Amino acid sequence: MGLLDTVSDVVSEMGPDREASQRPQSKGAYWCDDCSVRIRDVEYDGEGTPTCPECGQEMRFERRPDSGGCAC
Ligand SMILES: [Zn+2]
């Protein structure tokens, strides 16, 4: 029952349209270097810095390389 909904959610989430429309809103993502866990800033609703769901450490914010002035 919920399976089809979940699948279509995943498909639409990975679709080019959605990616393009989200791009301007996302300034970067939070990373846990130890666990290689990433949370996009647009997916994080809380305040301050999120903590890693794996190890509980504070995550590091990393700007998207294509949103800043430096392309190197
Ligand atoms: Zn972690």
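In what pattern do the elements of the chain follow one another along the sequence?

1. Read along the sequence, the pattern is α-α-β-β-β, from two helices and three strands. Helices (H or I, at least four residues) and strands (E, at least two) are DSSP runs numbered from the N terminus.

2. The model is predicted: local features need pLDDT of at least 70, side-chain atom pairs count only at pLDDT 80 or more, and totals for chains, interfaces and linings use all residues. Residues are numbered from 1 along each chain as its sequence is written.

3. Strand 1 (residues 28-32) runs antiparallel to strand 2 (residues 37-40), with four bridges joining them. Strand 1 also pairs with strand 3 (residues 60-63), again antiparallel and over four bridges. Pairing here requires at least two bridges found by DSSP between the strands.

4. Ala29 has a bridge partner in each neighbour: Arg40 in strand 2 and Glu62 in strand 3.

5. The hairpin of strand 1 and strand 2 has four residues between the strands. Ser36 lies in this loop and has a positive phi near 60 degrees, although the residue is not glycine. Most residues other than glycine have a negative phi. Ser36 is exposed, because 9 other C-beta atoms lie within 10 Å; the cut-offs are 12 or fewer for exposed, 20 or more for buried and in between for partly exposed, with C-beta atoms placed from the backbone.

6. Of the 72 residues in the chain, 4% are buried. Among contacts (C-beta atoms, placed from the backbone, within 7 Å) between residues at least 6 apart in sequence, 32% join residues at least 24 apart.

Key. Two residues are in contact if their C-beta atoms, placed from the backbone, lie within 7 Å.
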